[in-house]
Amino acid sequence: MITYLSNNSEIIWAALRQHIALALIPVVLGFLLALPIGYLGVRFPWLYHPLVNVAGVLYSIPSLALFVFLPVVLGTKILSPLNIVVALTIYTVALLARTVADGLRSVDRLVTESATAMGYRRFRRLIDVELPVALPVILAGLRVATVSNISLVSVGALIGIGGLGQLFTRGFQLFYIQPILVGIILSVLLAGVADLIIVLIQRAVTPWTRFQGGRA
Amino acid sequence: MITFDDVVKVYPGGGTAVDHVSLELPTGKLTVLVGPSGCGKTTSLRMINRMISPTSGRVLIDGKDIAGQDEALLRRGIGYVIQNAGLFPHRTVLDNVATVPVLLGKTRREARTAALGLLERVGLSEEFAKRYPAQLSGGQQQRVGVARALAADPPVMLMDEPFSAVDPVVREQLHREFLRLQQDLGKTIAMVTHDIDEAIKLGDVVAIFRQGGVLAQVATPQELLVAPADDFVAEFVGRDRGIRSLSFDTAAELPVAALPDDLVLDEAGRPSGWRSGSQVLPTGGTFTSSDSLRLVTDLAITSPVGTAVRVNGDGKADGVVRHHDLADYLAARRAS
């Protein structure tokens, strides 16, 4: 195992770096896209159910199918990492748009009403009041999306680009357990670390949630 | 002054919430809008800051029609207190109070400094400043709600069932403090409640609405008790109107008789009981000339000898009122 690591450290590092990029760029893009889309589902209540349904359908498309299908639509090369990024961005949007909408819907009506009555205009109310109050729900969704993306990247190895997933395909091709083990361990570690970072961010930006539920 | 000029609100479903209401809420006074649920009182309140717009008619503040004004700017100039306070859960108490000044362009630092002063004003010590709403009791949240509404020193305040979510003991205390605050500040306040006792206790003017958004009577609390406009108002105001109306008159003009022999005084001249045979019965309490006739009546009824004892500022007994003297006084007062 140690020998394998030291002999292949460059390959492993490259795979890990690629894995991180392929998983997290879509998280960021998807989050930024999901904010306005989710908001629309709240601003126009009739949009909410169509939004949830479309998101559900998108999320249910098998990842491999999407990886293979996207080059046809986008005109990209089958081996382009862009396919993975776009596919995972679609999954992230599908997951987070609903989360953002649900988060905003969960804001107590009395809170938005009193914000309006105090003279907030719609956009500033959204930024200053509704989004911050919805943040715990939204960040919970972000954790799911991040971990889900980290595991989905590996599937990309089947079409030649997949970060740590390449260690699996290599191991299978060579009937060699070491790269598979290293790939699994690093994937799990990566998911764990990413999740932890989001939890820490959540603690830092929503200190008030620690007091919810019980009164001091 | 807030003026409702023939205001109608009809909802798209066809229901009439407010039906041709014309009403004036005097400057510096607390006007209570009260009535059963579905009487249009809350709808009326919300038309003052344009949370709801009237179907027809006008609402004016100091003579200016609010329909032409920018909604957000109008609202920043009107304090708003809501049931359960509606505090922002993600902001500390201090930042909740600083909300409107920040919206008006004050720096956060300035607004926070001013907010600290306001917290003290509503009876919350500095240690609450950094807490979040979830760490406060209902009564404390309501105080923060009042402080937040006062933060930009608006001349007009709207209060929507501000005290109904707290228990009766806390409510009583909040009432007292709020009345004291209003005495200092003299805001023009519109308050909605479904509780007629609260309306009578707090209001300078009480506007009673009936079902269908019609004004039944606008009067001072005392007038409501003494002269309800019709059966609906009489029933809504409730039983014991006569006794309750005595709360609004002091005993200043009530004639007293000289101290009788059976009243026991201590060496300082303070009443300590009634002599009855070999024992001394308790007086059960005393009144001063600034107390209400209601208290005097109560004392006369509960006294073991049917006599209420008046004391001066030093607590010395200086006169008594008997049952029948009180009855004569009330009868003469009613006749006049």
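Predicted model: local features only at pLDDT ≥ 70, side-chain atom pairs only at ≥ 80, totals over all residues.
**View 1. Chain B as a whole.** Chain B holds 13 helices and 16 strands. Its C-alpha trace spans about 75 × 50 × 30 Å along the principal axes. Of the 336 residues in chain B, 39% are buried. Among contacts in chain B with a separation of 6 or more, 62% join residues 24 or more positions apart.

**View 2. The side of chain A that touches chain B.** In this interface, 19 residues of chain A are in contact with 20 residues of chain B. Two elements of chain A, α6 (109-117) and α7 (122-153), each give two or more residues to the side that touches chain B. The largest share comes from α6(A), with six residues. By class, this side of chain A consists of eleven nonpolar, five polar and three charged residues.

**View 3. The pair α6(A) and α7(A).** Both helices also take part in the side of chain A that touches chain B. The axes of α6(A) and α7(A) come within 11 Å and cross at roughly 165°. Because angles over 145 degrees count as roughly antiparallel, α6(A) is roughly antiparallel to α7(A). The crossing of the two helices, α6(A) and α7(A), is right-handed. On the α6(A) side the residues are V111(A), T112(A), A115(A) and T116(A), and these meet R125(A), V129(A), E130(A) and V133(A) of α7(A). The contact of α6(A) with α7(A) divides into four nonpolar, two polar and two charged residues.

**View 4. The pair α2(A) and α5(A).** Helix α2 of chain A covers residues 9-43, and its axis comes within 6 Å of the axis of α5(A). The two axes cross at roughly 40°, an angle that makes α2(A) oblique to α5(A). The crossing of α2(A) and α5(A) is right-handed. In the contact of α2(A) with α5(A) there are 23 nonpolar, six polar and two charged residues.

**View 5. The nonpolar cores.** The largest nonpolar core has 110 residues, and A97(A) and V97(B) have the most contacts inside it. Helix α5 of chain A, residues 81-105, gives the most to this core, with 14 residues. A second, separate core has 15 residues, among them L246(B), A251(B), V296(B) and A300(B).

**View 6. Surroundings of V97(B).** V97(B) is one of the residues with the most contacts inside the largest nonpolar core. With neighbours within four places in sequence left aside, V97(B) is in contact with A115(B), L118(B) and L119(B), and also with V144(B), A147(B), R148(B) and A151(B).

**View 7. R171(B) in its helix.** R171(B) lies in helix α7 of chain B, which covers residues 168-185. Within 10 Å of R171(B) there are 19 other C-beta atoms, so R171(B) is partly exposed; a buried residue would need 20 or more. Apart from its neighbours within four places in sequence, R171(B) is in contact with F163(B) and V166(B). From R171(B) to G79(B) the C-alpha to C-alpha distance is 20 Å, and the two residues are 92 residues apart in sequence.

Conventions: Residues numbered from 1 in each chain as written. Chains lettered and ligands numbered in written order. Contact = placed C-beta atoms within 7 Å. Helix = DSSP H or I, 4+ residues; strand = E, 2+ residues; numbered from the N terminus. Nonpolar A, V, L, I, M, F, W, Y, C, P; charged D, E, K, R; others polar. Core = buried A, V, L, I, M, F, W, Y, C linked by C-beta atoms within 7 Å. Buried ≥ 20, exposed ≤ 12 C-beta atoms within 10 Å, placed from the backbone. Axes fitted to C-alpha atoms, helices over the stretch in contact; angles between N-to-C directions. Parallel < 35°, antiparallel > 145°, perpendicular 65-115°, else oblique. Left-handed = near helix turned anticlockwise from the far one by under 90°.
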